[in-house]
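Please examine the sequence and the structure shown below.

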Amino acid sequence: MATATPAASLSFPVINMEKLETEERGAAMEVIRDACENWGFFELLNHGISHELMDEVERVSKAHYENIREDKFKEFAARTLEAGEKGADVRDVDWESTFFVRHLPASNLADLPDLDDHYRQVMKEFASEIEKLAERVLDLLCENLGLEKGYLKRAFAGSQGAPTFGTKVSSYPPCPRPDLVDGLRAHTDAGGVILLFQDDQVSGLQLLKDSSWVDVPPMRHAIVVNIGDQLEVITNGRYKSVMHRVLTRPDGNRMSIASFYNPGADAVIFPAPELVGDGAAEENEGGKEGTGAVYPRFVFKDYMNLYVRHKFEAKEPRFEAMKSETAPIATT
């Protein structure tokens with residue numbers, strides 16, 4: 001059974017991206033490597049997104065919840081608490097209020113109801129900055145993996161030449177009965193790389209490491225990065241997606257703005273040839289070098305069709321199920 005571990009007892013990986021431009025680059029790249037292999041998460045500071053823009057994203061997102069979504073959430077909360085206190089199992093629901101903005105391959109920002117023009121403009125600007133940061137992160141991962149610059153970006157491009165890229169805007173309001181329901185149940189993320197702008201005052205996000213739940217520490221103006229299932233496949237298991245969850249709290253309304261830089265729907269995902277065979281990571285197959293591909297080849301949308309039915313379950317059966325699927329053979 002997983003146990004809770006105080007964040008202070010472990011050194012959560014934090015990278016000051018300014019150090020990548022100094023003589024400390026090697027040490028910063030090593031922190032990224034260790035984070036991807038052993039944590040599945042890390043936090044970025046001085047990442048290039050202006051503090052003013054982040055502050056405005058936070059302001060308009062919290063105001064939107066209070067003005068538009070709070071009353072509807074309170075109705076859900078009342079029903080959920082009533083059912084739980086009467087003995088019903090409400091562990092299959094999440095204590096969150098959320099909506100999703102799609103950016104690529106085609107934006108739905110103009111079509112979303114209840115967003116004013118200023119909020120749309122702020123989110124458009126923020127998405128542009130997050131997209132650039134995601135691609136910068138992918139190239140840093142390529143460097144650490146010994147892959148050609150741009151390999152991961154190209155691997156994510158479907159027939160339209162673009163990834164699937166969108167943002168989930170969530171609020172996790174106070175819950176008077178944290179023992180009854182989680183904010184978001186434990187899961188791994190299906191996609192590629194996820195960049196999270198989280199509340200710096202209200203905690204709740206935890207990851208599973210070595211059978212213990214570890215807090216992801218809130219830090220002002222930081223961006224949290226986590227590895228999705230597709231990067232685990234492409235790296236042939238060198239990088240790991242990890243289970244994570246959001247706890248409910250009796251006080252504080254936690255903001256979460258998670259942007260998902262995922263493969264295009266028809267992108268074919270498979271372990272990078274450079275990471276298979278004699279060059280494969282030592283971590284694969286119990287530390288034996290020279291192993292072949294230990295993950296299947298599949299079309300991303302086929303994986304997503306499976307994931308939506310089994311999101312809150314272990315990832316390994318999903319990978320096994322995809323081995324029986326017939327996927328097009330990539331020639332690149």
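## The largest pocket

How much space lies in the largest pocket? The answer is about 550 Å³. A pocket here is an open set of points on a 1 Å grid over the protein atoms alone, where a 1.4 Å probe fits, with protein on both sides within 12 Å along at least five of seven lines; lining residues have an atom within 4 Å of a point. Grid points are joined across faces, edges and corners, and the volume is the space filled by probe spheres set on the points.

Of the 29 residues that line the largest pocket, Lys-168, His-187, Asp-189, Phe-260 and Lys-311 are the closest to its centre. The lining comprises 16 nonpolar, nine polar and four charged residues, where Ala, Val, Leu, Ile, Met, Phe, Trp, Tyr, Cys and Pro count as nonpolar, Asp, Glu, Lys and Arg as charged, and the others, Gly among them, as polar. At least two lining residues come from each of β5, β6 (184-187), β7, β11 (244-246), β12 and α6 (300-310). Strand β5 gives the most, with six residues.

## Basis of the model

The model is predicted: local features need pLDDT of at least 70, side-chain atom pairs count only at pLDDT 80 or more, and totals for chains, interfaces and linings use all residues. Residues are numbered from 1 along each chain as its sequence is written, and side-chain values use heavy atoms, with hydrogens and water left out.

## The seven-stranded sheet

Helices (H or I, at least four residues) and strands (E, at least two) are DSSP runs numbered from the N terminus. Two strands pair if DSSP finds at least two bridges between them. An open sheet of seven strands has the order β2-β3-β10-β7-β12-β5-β4, with mixed pairing. Strands β2 (14-16) and β4 (97-104) stand at the edges with a single partner strand each, so one side of each has no neighbour in the sheet. On average, neighbouring strands of this sheet are turned by 25° against each other, direction ignored. Within the sheet order, β3 (residues 41-45) and β10 (residues 223-227) pair in the antiparallel sense over four bridges, and Leu-44 has Ile-223 as its bridge partner in β10.

Two helices lie across strands of this sheet. Helix α2 (residues 51-85) lies across β4, β5 (164-172), β7 (193-198), β10 and β12 (254-262), running at about 130° to β4. Helix α3 (residues 117-145) lies across β3, β4, β5, β7, β10 and β12, at about 130° to β7. Axes are lines fitted to C-alpha atoms, for helices over the stretch in contact (heavy atoms within 4.5 Å), and angles run from 0 to 180 degrees between N-to-C directions.

Four of the five residues of β8 are buried, so the strand is largely enclosed by the rest of the structure; buried means under 20% relative accessible area, exposed over 50% and partly exposed in between (1.4 Å probe, protein chains only). Strand β8 pairs in the antiparallel sense with β11 over three bridges, and four bridges join β8 to β9, also antiparallel. Leu-207 stands opposite His-244 in β11 and opposite Val-214 in β9.

The hairpin of β8 and β9 has two residues between the strands, and Asp-210 in the turn has a positive phi of about 55°.

## Backbone exceptions

Most residues other than glycine have a negative phi, and most peptide bonds are trans. Ser-211 has a positive phi of about 70° and is exposed, with a relative accessible area of 51%. His-221, in the loop between β9 and β10, has a positive phi of about 65° but is buried at 12%. A cis peptide bond with omega of about 10° joins Leu-104 and Pro-105; Pro-105 lies in the loop between β4 and α3.

## Two buried residues

Phe-99 belongs to strand β4 and is buried, with a relative accessible area of 15%. Among the residues that Phe-99 touches, not counting those up to four places away in sequence, are His-64, Tyr-119, Thr-167 and Lys-168. Phe-99 and Thr-167 are 68 residues apart along the chain, and their C-alpha atoms are separated by 8.5 Å.

Leu-275 lies in the loop between β13 (268-269) and β14 (298-299). Leu-275 counts as buried because its relative accessibility is 1%.
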